[in-house]
Amino acid sequence: MKLKYKKIIMLTTMSTMGIGLLTLSISKDSSKAEESINSGRKQEAGLLMAADGEYKTLALAEDALNGDTEVTPPLTPTPSPTPTPIPVYDLEKATDPEVLSLMEEYYTAKNSCDIDKIKSLLTDPSKVPSADQLQKKTEYIDDYRNIETYLKKSIEDNAYIAYVYQEIKFNGVNTMAPGMSKFYLVQGDDGKYKIYSGEMDNDLKEYFDERNNDTDVKELLDMTNEKGEEAKEKDEDLKTFWDSIDKLAGEQQEDSKAKSKEDSKSKSKEDSKAKSKKDSEAKSNKDTAKGTETE
């Protein structure tokens, strides 16, 4: 393999920024995530969930026709209301100038490693990597072009799930590579939209992840993957580079799973030792107390 591709492969994270944003990868699995964005979400917004409440059974009584006899019919339970289903909205191409400008500014700042600008576009500026880290991740990216944003309304007010299509121009590769990234956009107190970069609560994260399985989203991802296959067939350099990315991504995923499993085992052992020590101390204290009583 050419030297330039070996160098490129060593820095394959250039297609993502890794700031906690959840993103989709370009692969045969259309629901695979790429970039992440990966939190006690937006405290002022509440999830639209099925209503909970107390419902009491009503007992109806009627006076008897003869006045001195009371007739009480059987209790008739009030039927429980059907839970309101969580709404799922259609995917629409963004037309709001503010949203379009937000994503254009984000990719421009990302490619130019403008840390201050990126911080201004996120809800949690602390999630931005250092300038050196970002430089390494974008070193072999020449430009992001043909950016198109598609939105789905969230279950929170003034918030959207955004699927952003972009074409990446890599250094030394003539054909641009189609990509799809996923973001969560929220409206701040000033009325302006920002990219949410905090942690989502369980309900919101489940809703956010589940939208990848919506028919209209799958169609968008399939379209992106088809364009990617066409681009690889057209340009052998891009194919070589792309296949290397897929291979390395798979290896990194396996390493991550192995590390997670090992960390889980270590934590379990530590918890077991701590419990054993606590039980031993408790037994020792109990024996000491008994000895004192005997004396």
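1. Strand E7 (residues 159-170) has 11 of its 12 residues buried, so it is largely enclosed by the rest of the structure; buried here means under 20% relative accessible area and exposed means over 50%, with partly exposed in between, for a 1.4 Å probe and protein chains only. Helices (H or I, at least four residues) and strands (E, at least two) are DSSP runs numbered from the N terminus.

2. On provenance, this is a predicted model, in which local features need pLDDT of at least 70 and side-chain atom pairs count only at pLDDT 80 or more, whereas totals for chains, interfaces and linings use all residues. Residues are numbered from 1 along each chain as its sequence is written, and side-chain values use heavy atoms, with hydrogens and water left out.

3. Strand E7 pairs in the antiparallel sense with strand E6 (residues 141-153) over 10 bridges, and with strand E8 (residues 177-187), again in the antiparallel sense, over 10 bridges; two strands pair if DSSP finds at least two bridges between them. Ala162 is the bridge partner of Leu151, and Tyr184 is that of Ile161.

4. Gln166 lies in strand E7 and, at 0% relative accessibility, counts as buried. Its side chain makes a polar contact of 3.2 Å with the side chain of Tyr107, and a polar atom of the Gln166 side chain lies 2.8 Å from the backbone oxygen of Val164. A polar contact is a pair of N or O atoms within 3.5 Å; within protein, one must be able to donate a hydrogen and the other to accept it, and residues adjacent in sequence count only if both atoms are side-chain atoms.

5. The largest nonpolar core has 33 residues, and those with the most contacts inside it are Met103, Tyr107, Phe170, Phe183, Leu185 and Ile195; such a core is a set of buried Ala, Val, Leu, Ile, Met, Phe, Trp, Tyr and Cys residues joined through side-chain atoms within 4.5 Å. Elements that each supply at least two residues of this core include E6, E7, E8 and helix H2 (97-111), and the largest share, 6 residues, comes from H2. A second, separate core of 18 residues includes Leu91, Tyr184, Val186 and Val217.

6. Met103 touches Ile147, Thr149, Val164, Phe183, Leu185 and Ile195, not counting residues up to four places away in sequence, where contact means heavy atoms within 4.5 Å.

7. In helix H6 (residues 215-234), Val217, Leu220 and Leu221 are among the buried residues. Seen down the axis of H6, the buried residues fall within an arc of 135°, so they line one face of the helix; the arc is that of the directions from the helix axis to the C-beta atoms. On the other side of H6, the exposed residues include Glu219, Glu226 and Glu230.

8. Asp235, found in the loop between H6 and H7, counts as buried at 9% relative accessibility. Asp235 touches Val173, Asn174 and Thr175, not counting residues up to four places away in sequence, and a polar atom of the Asp235 side chain lies 2.9 Å from the backbone nitrogen of Asp237.
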